[in-house]
Amino acid sequence: HNRGEGSHYGGYWFAEINIKKLEIGLQGEVAGNGDGVAVLGGGLRPRGQAHGSQTHEDGRSIVTLSVYFPDEAIRQAVIAFNETNPDYYVELLCGNKDMDTPSINRISATDYWNQEMMEIFAGKGPDIFTKTLQTSYNSYIDKGVMEDLTPYIKRDLDPNDYLPSSLYAYERHGKIYALESGFSLNLSVGNREILGDRTGWSFTQMQKTMQENPQINIYQNYYGDTGSFLSDYLTYGNPDYTDFATLRSCIEFDKNHPKRLSHDELIIPGENVLVVNVVISDPLDWADYEALYGQTLTPVGFIDEQNTGVFHDGFGWSINAASQQKEGAWTFLKFLLSEEYQRTYNTSRFSPLKSLLEEQFNYYSTPQTGSYYDNTLQEMITYQGHILMEASQAHMQQNGYWKDIYIECLTSEQIQLVRNLIDRSRPISSHLNTTLNDIIMEEADAYFKDSHSLDDVMQNIENRVILYLEEQE
């Protein structure tokens, strides 16, 4: 959420930050800017154009950073870095500069990522890239194309300054392959009266809960069709792929249970759906959701056979193992992890820095007073407390508009809850096996379409899964 401007939460305690706004042309020109800032402070260049010289015109070494859609935070970070660093100049590679650009004028995300992958696997490609939000992340580690960041961290950072769940989120086999500049939490929540104080559940436990509450016939309000539940389970559920009895039950559950409410029906956890998915990007979001649904919620998490179910949704940046500018790439990653970047630009996600998270908690646990101009009422509104942007969906349905509401401050219980969620979170890539997921989804589709019996489908799944696992030994 963007909670307003200035002293209002827009970068909450960051108050009056004057971030330079630039008009960026698709080819990287800076329009209407006479302050001597270089092209996007780093060259916004669509992928596919030649990289050119590895030395900038001012003599600095060029470091290339690739991201399909560079958001405002990373653009401004590149500008700030290039204005101050004497040795390195970051050039930003992208698929498109603006999500509103007509698709005819930009490369698709799939084509961009495929081209980038071929370059990296061929020992070329950008110096810095991000793969932690993609299902292919682990394949990059297996191919050995990601630099181990552990020696750089030991040399230049104090691990005690960072949240362990963030610093070690992308650790594999004792090596860290990515560091994130910010993160959100992705999880399922439900009515505490139904779920109690659960902090995780398996598929079997979820089924038992639904059987005990027959008034609820929808697990979650899916917008997808048959297969949505199974896909989520395989993605988030950390399944035992050889537990074929549970896989069979999941496939059967997916086909036979309703997936969605009618369009005009309010989503009410504990009444017409068991859980809803939410994204938590700052501590006040938890109070937001409780106001939205008008009830006390339990952070049960996604169905997860390991009973964690809270997923770390972060932009993790990696260094190309074939890069000729590893020190320059690391210098920019250090900047993304610095207090300067975190305090000024990372205003829409949790910070990996412990000190800034504590500032958030302290800010939200203290009553605040402020004012803003309401364009609808055409008057200044003075408020006490912290604004909740969601208000309540019941108010929206009854009155036809959202109404901002305020809380004096977060309770110690709410703050501790968010702390616990951060501590128990982990990235999806920590367990994801896309090959096995594809096998199961491909075979299950025949059952969903009534072209094969469930017995036949499960036999095919079992044969293919066992064969794959044996080939990996």
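How many bridges join strand 9 to strand 12? The number is 6, and the two strands run antiparallel. The model is predicted: local features need pLDDT of at least 70, side-chain atom pairs count only at pLDDT 80 or more, and totals for chains, interfaces and linings use all residues. Residues are numbered from 1 along each chain as its sequence is written, and side-chain values use heavy atoms, with hydrogens and water left out.

**View 1. Overview of the protein chain.** The protein chain holds 17 helices and 16 strands; these are DSSP runs numbered from the N terminus, helices being H or I of at least four residues and strands E of at least two. Of its 473 residues, 52% are buried (buried means under 20% relative accessible area, exposed over 50%, and partly exposed in between, with a 1.4 Å probe and protein chains only). Among contacts between residues at least 6 apart in sequence, 74% join residues at least 24 apart (contact means heavy atoms within 4.5 Å).

**View 2. Strand 9 and its partner strands.** Two strands pair if DSSP finds at least two bridges between them. In strand 12 (residues 311-319), Gly314 is the bridge partner of Phe183. Strand 10 (residues 276-280) pairs with strand 9 in the antiparallel sense over 5 bridges, and here Leu187 stands opposite Val278. Strand 11 (residues 297-298) is also antiparallel to strand 9, with 2 bridges; Asn191 has Leu297 as its bridge partner there. In a regular strand the side chains alternate between the two faces of the sheet.

**View 3. The packing of helix 7 on helix 9.** Helix 7 (residues 203-212) and helix 9 (residues 244-256) pack at an angle of about 45°, their axes 10 Å apart. Axes are lines fitted to C-alpha atoms, for helices over the stretch in contact, and angles run from 0 to 180 degrees between N-to-C directions. The two helices are therefore oblique to each other (angles under 35 degrees count as roughly parallel, over 145 as roughly antiparallel, 65 to 115 as roughly perpendicular and the rest as oblique). Helix 7 contributes Phe203, Met206, Gln207 and Met210 to the contact, and helix 9 contributes Thr246, Ser249, Cys250 and Phe253.

**View 4. The buried residues of helix 8.** In helix 8 (residues 228-236), the buried residues are Ser228, Phe229, Leu230, Tyr233, Leu234 and Tyr236. They pack against strand 9, helix 7, helix 9, strand 12 and helix 16 (434-448). Just after helix 8, Asn238 takes a positive phi of about 50°.

**View 5. The surroundings of Glu290.** Glu290 lies in helix 10 (residues 284-293) and counts as buried because its relative accessibility is 16%. Not counting residues up to four places away in sequence, Glu290 touches Gln295, Thr296, Leu297 and Gln414. Val189 is 101 residues from Glu290 in sequence, with 9.9 Å between their C-alpha atoms.

**View 6. Two loop residues with positive phi.** Most residues other than glycine have a negative phi. Gln378, in the loop between strand 13 (369-374) and strand 14 (379-384), has a positive phi near 55°. With 61% relative accessibility, Gln378 counts as exposed. Asp450 is found in the loop between helix 16 and helix 17 (454-472), and its phi is near 65°. Asp450 counts as exposed at 60% relative accessibility.
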